[in-house]
Every structure is written in structure tokens, then in C-alpha cells.
Amino acid sequence: MTSVKKKRRRAVVEQAACVACGCCVKVCPLRAIEIVRGVMAQADGEKCVGCGKCARECPASVIEIREVET
Amino acid sequence: MKKRWYDYLWIASLLYLLLGFFNILFAWLGLLCFFIPLIISVVSGAKGYCNRYCGRGQLFGLLGGRFGLSRKKDIPGWMKSRAFRYGFLAFFMAMFLLMLWNTYLVFAGAQDLRQAVTLLWTFRLPWHWAYHGALFHPGVAQFAFGFYGVMLTSTVLGLITMVLFKPRSWCVYCPMGTMTQLICRAKNRNRP
């Protein structure tokens, strides 16, 4: 039996370059992204639908919307 | 999303700049923008100030976002590099210490009060109308002039990068943001 793989869009943060300003958190309609311990942003793979609002907002442009297989 | 009280702190930032235009002693209030982020990061190991309460960031977000005063282009790579961010923090701190030294000289009586605000560490703007005299030691006013210069300089830099790049580009190289992130990094170093 073959499993069916679905492709979904997700926000991926380049964490080494993140400044943890929190602009992404403010615009996320699903509260799917948070600042972890004041160091970097992290998107919740379950909640994120890849709308791209955070990526547009990010002043350092370190968030990318990627297609991932689930 | 529901607005909270702290979403209006941009008004306080704007008010701060306006008050300093009329009475320079209000510049002392700017110390709040230095100590609150540091206290939050030291106590809770988080960047709560940047994330919620920074009125300056909100102001840039508003002007560049809703008012459309930003090209919304990506910031150049070198500006978000650690070398630039840490270098800018070091430069900013050095200029800050120089300002404290000048304040000390006035307190010690070795230098007269200069009723001017230095913009971008270079341009001395006349600001004498905002000083009304002798209730406090001239050193108190000297610190206010110096500190207002620091705040005005960072606002002007922030506005320039807001127009050129994304609205809150200032957040990328903001010395306070860099410093609080370093504190958080150090505090959480040993956590998984």
C-alpha cells in the first residue's frame, strides 16, 4: 500500500539570522509563530498554513515560505 | 486582532520627541527605553520589550505600513550580519560613553553647558529654546541634551532605513535589540 503524501506550505525561519523582534508574531492570524527565549522565531508546523504574512513583515527577511511534504 | 493597551505605545514615542523639543529635561524619560528592555531580558530571559512594548518599532511599523512610507524592500545582507549588528552596538555604546563623559565634565565644572543636540554624531543642532534654566545643575541638562541626541539620531536612522527597506528595519540593527538578544542567548545557553 502506498501512502499519499500531501504538500503543504509552511513558514521556515532562518534562525541564525533572526533578530527576535517579534514582528512576525504580531501579524500571524493563526498564532502559529512565536519567539523562543528571546533568541529566535519558530513557526509551529502544525498550525502554520504558509500564508506568508510573517515573511512579508519580517524586517530582516529571514522567513521563507516553503513547500514541505507531510 | 484585538488591540491591547501596549499597541498604542507609539504615541508615547512620538510624544517623547515632541516634549524634548519644548523642554529638554523630558529627555531623561528616554532612560526608560534603556532600562526596561534590559530588566525584562535579565529577569525573564525574553525580548518582551521588542515583542510588545517598543513604541519606536510601532511608530516605524505604522509610518512604513499604514502610511505607506516604505519601499518594503529586503534589507541588504550585510546589515543583518552579526558583524554589522555587533559593530553598530559597540559604536553606539562608545558614543554613549562619550556623551556620559561630556556630562561628567559639565558636572565637574570643567566644561560649560552646550545647549545643542548632536545629530548623527556629527551635526550640532541649536536647541537652546528647550532649556529654561536653573532649577537643576547644568550637568543634568547636559545629559538631557546628549541623550535626546542619541534618541533623535536613532529615530532618524530608523526613518531612513524604514523608507529604504522594510518599515521596521531599525529592529534589525537596533543596539538595544542586539544587546537584549545577547543577554537572552547568554541566559538560555544551557537550556535544551
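I began with the second largest cavity, where the largest share of the lining, three residues, comes from α5(B). Helices here are DSSP runs of H or I with at least four residues, strands are runs of E with at least two, and both are numbered from the N terminus.

A note on the source: this is a predicted model, so local features need pLDDT of at least 70 and side-chain atom pairs count only at pLDDT 80 or more, while totals for chains, interfaces and linings use all residues. Residues are numbered from 1 along each chain as its sequence is written, chains are lettered from A and ligands numbered from 1 in the order written, and side-chain values use heavy atoms, without hydrogens and water.

What counts as a cavity or a pocket? On a 1 Å grid over the protein atoms alone, a cavity is a set of points where a 1.4 Å probe fits but cannot get out; a pocket is an open set with protein on both sides within 12 Å along at least five of seven lines, and lining residues have an atom within 4 Å of a point. Points are joined across faces, edges and corners, and a volume is the space filled by probe spheres set on them.

**Cavities**

I searched the whole structure and got two cavities of 30 Å³ or more.

The largest cavity holds about 70 Å³. It has 14 lining residues, with A:C18, A:C21, A:C24, A:C58 and A:V62 nearest its centre. I sorted them by class (Ala, Val, Leu, Ile, Met, Phe, Trp, Tyr, Cys and Pro are nonpolar, Asp, Glu, Lys and Arg charged, the others, including Gly, polar). That gave 13 nonpolar, one polar and no charged residues.

**Pockets**

Next came the largest pocket, at about 1400 Å³. Among its 37 lining residues, A:C23, A:V25, A:K26, A:V27 and B:D7 lie nearest the centre. I found that α4(B) gives the most to this lining, six residues. Which classes make up the lining of the largest pocket? I counted 12 nonpolar, eight polar and 17 charged residues.

The second largest pocket has about 700 Å³. Of its 36 lining residues, B:S13, B:C33, B:Y49, B:G55 and B:R56 are closest to the centre. This lining has 27 nonpolar, six polar and three charged residues.
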